[in-house]
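Good morning, and thank you for the time on today's agenda. I would ask you to keep the structure in view while I describe the fold, and then a few of the charged pairs.

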Amino acid sequence: MKRTVITYGTFDLLHTGHVRLLERARSLGDRLIVGLSTDEFNAIKGKISVQTYADRKAVLEAIQFVDLVIPETAWNQKEKDIIQYGVDLFVMGDDWKGKFDFLKDSCEVLYLPRTAGISTSDLKKRIDKQL
Ligand code: C2G
């Protein structure tokens, strides 16, 4: 039976921190699903992306570690997704440590160390400086 891993995020201006998380998550199973925050859900999260959902999705789908991208539209869709896609493992960076432990009733939950020194907001600042 294929071991399915899922993770969620905005993945704006995809960078090495995102890619390393996706790579590690994929290495823990046979397929990786990414719940990609829609522009509307980003507004709920208080985030504004540089790239639209369609562009962020296209970039993620080009990543060899990503097998399927689904929309993330609400905080409370994870349990349904886990059942619908037969998810075995839920992975997030450890800035979320503990926040999704309630999912342990549905699947394994793992928080991976974030990659230091890189973030979308940091990239935005660097770009602004060069303008
Ligand atoms: N990440 C990382 N290292 C970084 C930056 C991000 O490991 N330097 C990880 C985050 O921990 C997260 C994933 O990359 O697991 C995606 O990061 P974001 O796009 O910032 O996702 P976020 O806004 O935290 O949304 O329901 C969950 C939310 O949708 C998560």
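The protein contains five helices and five strands. Please bear in mind that this is a predicted model. Along the sequence, the elements follow the pattern β-α-β-α-α-β-α-β-β-α. The radius of gyration is 14 Å, close to the 14 Å that the globule rule gives for 131 residues, so the protein is as compact as a globular protein of that length. The C-alpha trace spans about 50 × 30 × 25 Å along its principal axes. Of the 131 residues, 44% are buried. Among contacts with a separation of 6 or more, 63% are between residues 24 or more positions apart. The protein exposes about 7300 Å², and 56% of that area comes from carbon and sulfur atoms.

Let me turn to the sheet. In what order do the five strands lie? The order is β3-β2-β1-β4-β5, in an open sheet with parallel pairing. At the edges are β3, residues 68–72, and β5, residues 108–112, each of which pairs on one side only. From one strand to the next, the twist averages 25 degrees.

Strand β1, residues 4–9, runs parallel to strand β4, residues 89–93, and two bridges join them. I6 has F90 in β4 as its bridge partner. Helix α1, residues 16–27, packs on the sheet and touches β1, β2, β4 and β5. The direction of α1 makes about 140 degrees with that of β2. Helix α3, residues 53–61, also packs on the sheet, where it touches β2 and β3. For α3, the angle to the direction of β2 is about 165 degrees.

I come now to the charged side chains. Side chains of opposite charge can pair when their charged atoms come close.

Is the pair of E72 and K78 buried or exposed? E72 counts as buried at 3% relative accessibility, and K78 counts as buried at 1%. Their closest N and O atoms are 3.4 Å apart.

Finally, K104 forms a salt bridge with D101, with the closest N and O atoms 4.0 Å apart. D101 is partly exposed, at 31% relative accessible area.

Terms used. Residues numbered from 1 in each chain as written. Predicted model: local features only at pLDDT ≥ 70, side-chain atom pairs only at ≥ 80, totals over all residues. Heavy atoms only, no water. Pairing = 2+ DSSP bridges. Helix = DSSP H or I, 4+ residues; strand = E, 2+ residues; numbered from the N terminus. Axes fitted to C-alpha atoms, helices over the stretch in contact; angles between N-to-C directions. Contact = heavy atoms within 4.5 Å. Rg over C-alpha atoms; globule rule 2.2 N^0.38 Å. Buried < 20%, exposed > 50% of the residue type's maximum accessible area, 1.4 Å probe, protein only. Areas by Shrake-Rupley, 256 points an atom, 1.4 Å probe, with all protein chains shown as cover. Salt bridge = Lys/Arg side-chain N within 4 Å of Asp/Glu carboxyl O.
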